[in-house]
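Trainee: I would like to go through this chain and ask what stands behind each label.
Mentor: Then let us look at it and take the labels one by one.

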Amino acid sequence: MIELAAVFAVAGAASNAVGTAFQRKAASTSSHGGLRLLADLVRQPFWVIGMAGVICAALFQSLALVNGPLALVQPLFILELPFALLVAAPLMHRRLPPWGWWGVGGCVAGLAVLLVAAAPHGGTAHAPLARWIPALCLCVGLMAAAVLLAGRGRPPARRAALLAAASATGNALTAALLKSASGTFADDGFAAFLRSWQTYGFALAGVASVLLLENALQAGPLAAAQPALTIGDAVVSLSLGITLFDERIRTGWWLVPEACGALLIVGGVLVLSRAVQRITVLPVPAEEQHSTA
């Protein structure tokens, strides 16, 4: 089941990347805002493809969390960043600097080393309320503290990093709640799923995470926000998996390759965060210009 969870997680990361890229493509062809923008988007095939990608990503993530540990599934979503670049660059007529692909390689190689060394295993789909209460208090407290520390007047890079860290914590909490709700659905059916407080918890946490992410991207440079977002999600997810669901990773001398893999991921994310700010804009083909006119 671990292998199945990994496949679903990678499929979820790829689907989310495709969905985001196609939604951005659709939005870039409209000059309207508000409700008029939505009215434009629902008529565009690019937007429909993008929404299908987002829906598939949520489905794949649920299936991955049902079949495998949180400590495995969430780190695999780091692959969404290189997937997004692979899809969005040609779709939006952009070219990543050649050295940016070293960042892609660093992310993929680091993730492979980390997960092979850590070998997340074990765990259950449910946790007692006695574990949920401190986990919820700690996550919400960390998110609130990060938002307060990122108040107006702070340096843009610090604000972006803090708000991204808050969003990452919310993402990890959303995944933990989704894992529990998906387990309830798999074990007891749809009615029990609707009665589960975790179902409404992951919806609220997910909305909060998206809002925090939008503010992080607006507050400062991507190079400050992306590392905090990517690494924070993986670290908090690992912690929640161990404390809530009794998941386990290998320790001892395995900590050495795990640390090396984590450093490769950090380096890759830093390179990619800087590379996306130096993307070259390519000419738009004449036939596409006519189709969007």
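What follows is a set of questions about labels, each answered from a value and a cut-off.

Mentor: This is a predicted model, in which local features need pLDDT of at least 70 and side-chain atom pairs count only at pLDDT 80 or more, while totals for chains, interfaces and linings use all residues. Residues are numbered from 1 along each chain as its sequence is written, and side-chain values use heavy atoms, with hydrogens and water left out.

Trainee: How many helices and strands does the chain have?
Mentor: The chain has 13 helices and four strands. Helices (H or I, at least four residues) and strands (E, at least two) are DSSP runs, numbered from the N terminus.

Trainee: What share of the residues is buried?
Mentor: Of the 293 residues in the chain, 43% are buried. Buried means under 20% relative accessible area, exposed over 50%, and partly exposed in between, with a 1.4 Å probe and protein chains only.

Trainee: Why is Phe193 called buried?
Mentor: Its relative accessibility is 16%, and the limit for buried is under 20%, so Phe193 counts as buried. Phe193 is found in helix α9 (residues 190–195). Leaving aside residues up to four places away in sequence, Phe193 touches Ala181, Thr184, Phe185, Thr199 and Phe202. Touching here is contact, that is, heavy atoms within 4.5 Å.

Trainee: What makes Leu138 exposed or buried?
Mentor: Leu138 has 56% relative accessibility; exposed starts over 50%, so Leu138 counts as exposed. This residue is found in helix α7. Leu138 and Thr169 are 31 residues apart in sequence, and their C-alpha atoms are 9.9 Å apart.

Trainee: Why are α7 and α8 called roughly antiparallel?
Mentor: Their axes come within 8 Å and cross at roughly 160°. Axes are lines fitted to C-alpha atoms, for helices over the stretch in contact, and angles run from 0 to 180 degrees between N-to-C directions. Angles under 35 degrees count as roughly parallel, over 145 as roughly antiparallel, 65 to 115 as roughly perpendicular and the rest as oblique. The angle of roughly 160° is over 145, so α7 and α8 are roughly antiparallel to each other.

Trainee: Which residues of α7 and α8 meet?
Mentor: Among them are Trp132, Leu136 and Met143 in α7, and Leu162, Ala166 and Leu173 in α8. By class, this contact of α7 with α8 has 13 nonpolar, three polar and no charged residues. In this scheme Ala, Val, Leu, Ile, Met, Phe, Trp, Tyr, Cys and Pro count as nonpolar, Asp, Glu, Lys and Arg as charged, and the others, Gly among them, as polar.

Trainee: Why are α3 and α8 called roughly perpendicular?
Mentor: Helix α3 (residues 45–67) and helix α8 (residues 156–188) pack at an angle of about 75°, with axes 9 Å apart. That angle lies within 65 to 115, so α3 and α8 are roughly perpendicular to each other. Residues making the contact include Gln61 and Leu65 of α3 and Leu178 and Lys179 of α8. The contact of α3 with α8 has five nonpolar, four polar and one charged residue.

Trainee: What makes α6 and α12 roughly antiparallel?
Mentor: The axes of helix α6 (residues 100–118) and helix α12 (residues 255–275) come within 7 Å and cross at roughly 155°. This is over 145, so α6 and α12 are roughly antiparallel to each other. Their contact divides into 15 nonpolar, six polar and one charged residue.

Trainee: How do you know that Arg131 and Asp246 form a salt bridge?
Mentor: A salt bridge needs a side-chain nitrogen of Lys or Arg within 4 Å of a carboxyl oxygen of Asp or Glu. For Arg131 and Asp246 the N to O distance is 3.0 Å, so the pair meets the rule. Arg131 is in helix α7 (residues 129–149) and Asp246 in the loop between α11 (222–245) and β3 (247–248), 115 residues apart. By this rule the count comes to one salt bridge.

Trainee: Why are both partners called partly exposed?
Mentor: Arg131 is at 31% relative accessibility and Asp246 at 33%. Each value falls between 20% and 50%, so Arg131 and Asp246 count as partly exposed.

Trainee: What is noted about phi in Asp246?
Mentor: Asp246 has a positive phi of about 60° although it is not a glycine. Most residues other than glycine have a negative phi. Ala119, in the loop between α6 and β2 (121–122), also has a positive phi, near 45°.
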